Amino acid sequence: MPETKYEHIQTKQTLNRVKEERMPFNWSINPYRGCAHGCSFCYARAFQSFIGRGAEDEFQHHIVLKDNAPEALEAQLSRLARKFGQDIEAMRRHVGEVTIGTATDPYQPIEAKSELTRECLKLLAKYRIRTSITTRSPLVLRDLDILTQMSDISVNISLNTLDVGIIRNIEPATPHPEIRLETVQQLTRHGIYAGIFAAPVLPLLTDSEESLEALLGAAKRHGARFAMVSLLRLSKDVKSWYLATLRTCYPELVPAYTRLYGQSHYADRQYIDRFKMMSAALLHKYGLSGVPGGGEPASYTGSQPMDSLSPKEYSLSGQDLGSDINSESSSGPDLNRRIPKPTAGVTQAEIQLEAEQLSFDF
């Protein structure tokens, strides 16, 4: 196993405009580059080529920390506040939603020590910015003292299967699925709008109706307010790494993936349409909105079998589904004891605008 290298850099800006019109948010924050979780399917691996790095082991074992991310964010938000004459509500409407964790997990292990995400959260709370967080880690519970004071916050826990064997093969350094479900439960108990991102669903591994229903049912029992389901997308750089993982762990699936994806980033259109109908039916069954912001999932108009593209011999996701889910599970209080404490609890002054801290004697 390669030793993980940590590189410290300075960034010019923390808040980055999202130019893709299809995205439901306007800005993104990624305090790190690279991710120690090592998910073989991660689309962010493709971003490595933009900076002359590889999408393979380097993505997992070369983690870049943007040491001044909080300071750069403070500078950006204070400039925006001045632009709007300190009308924070007008500024808030202009900014829209900021998503933390679009190209890296903001709560990967190094965050326990560096607290870069935590410091950025304080500033988003201070300027009342609508915020969403996407993570696989229960470390987000460390920051409940901040999250519970944010008026417009949602947390998306990424979890695409309850099958521990698949998780250990495909995303080797991520938390156990039961711990992720308990994280959703604790977030919602504290009034945080939280749910799961069943993303990406992996064809021939986690795409069976039984697998997805088990996942959505468990999410509902743990208090998830929403669930978003999306299929695996394989860009060129990611495809080579993901298929290499399959050759090691599930070599019998490689020919089927070659047929299903061909030269495209996306699976076969007929397969996608059938999967969408099946997943929409399950979202409807469990009363889970298909989007974090609420709303109804796509209507279900019928069913078609997926057997033609998911031959029984490849349906691994149904084997011992969740049979060892409790092997690393812990009760809520035990999970809390395992979460690192922040260096210092948040103070009101840290998340309150200076003008609002003024007091007058009458």
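The largest nonpolar core in this predicted model has 89 residues. A nonpolar core here is a set of buried Ala, Val, Leu, Ile, Met, Phe, Trp, Tyr and Cys residues joined through side-chain atoms within 4.5 Å; buried is under 20% relative accessible area, exposed over 50%, partly exposed in between, with a 1.4 Å probe and protein chains only. Leu147, Leu187, Leu205, Tyr242 and Tyr257 have the most contacts inside this core. Helix H12, residues 269-285, supplies the largest share, 6 residues. A second, separate core has 5 residues, including Tyr32 and Ile110.

A note on conventions. Local features need pLDDT of at least 70 and side-chain atom pairs pLDDT 80 or more, while totals for chains, interfaces and linings use all residues. Numbering runs from 1 along each chain as its sequence is written, and side-chain values use heavy atoms, without hydrogens or water.

Next, the sheet. Seven strands form an open sheet in the order S2-S3-S6-S7-S8-S9-S10, with mixed pairing. Strands are DSSP E runs of at least two residues, helices H or I runs of at least four, numbered from the N terminus; two strands pair if DSSP finds at least two bridges between them. The edge strands, S2 (16-17) and S10 (227-231), each pair on one side only. S10 pairs with S9, residues 193-201, in the parallel sense over 4 bridges, and Val229 in S10 is the bridge partner of Ala198.

Last, helix H8, residues 177-189. Which of its residues are buried? Pro177, Glu178, Ile179, Arg180, Leu181, Glu182, Thr183, Val184, Gln186 and Leu187. That is 10 of 13, so H8 is largely enclosed by the rest of the structure. Gly191 follows H8, with a positive phi near 85°.

Terms used
Expected span 1.5 Å × (residues − 1).
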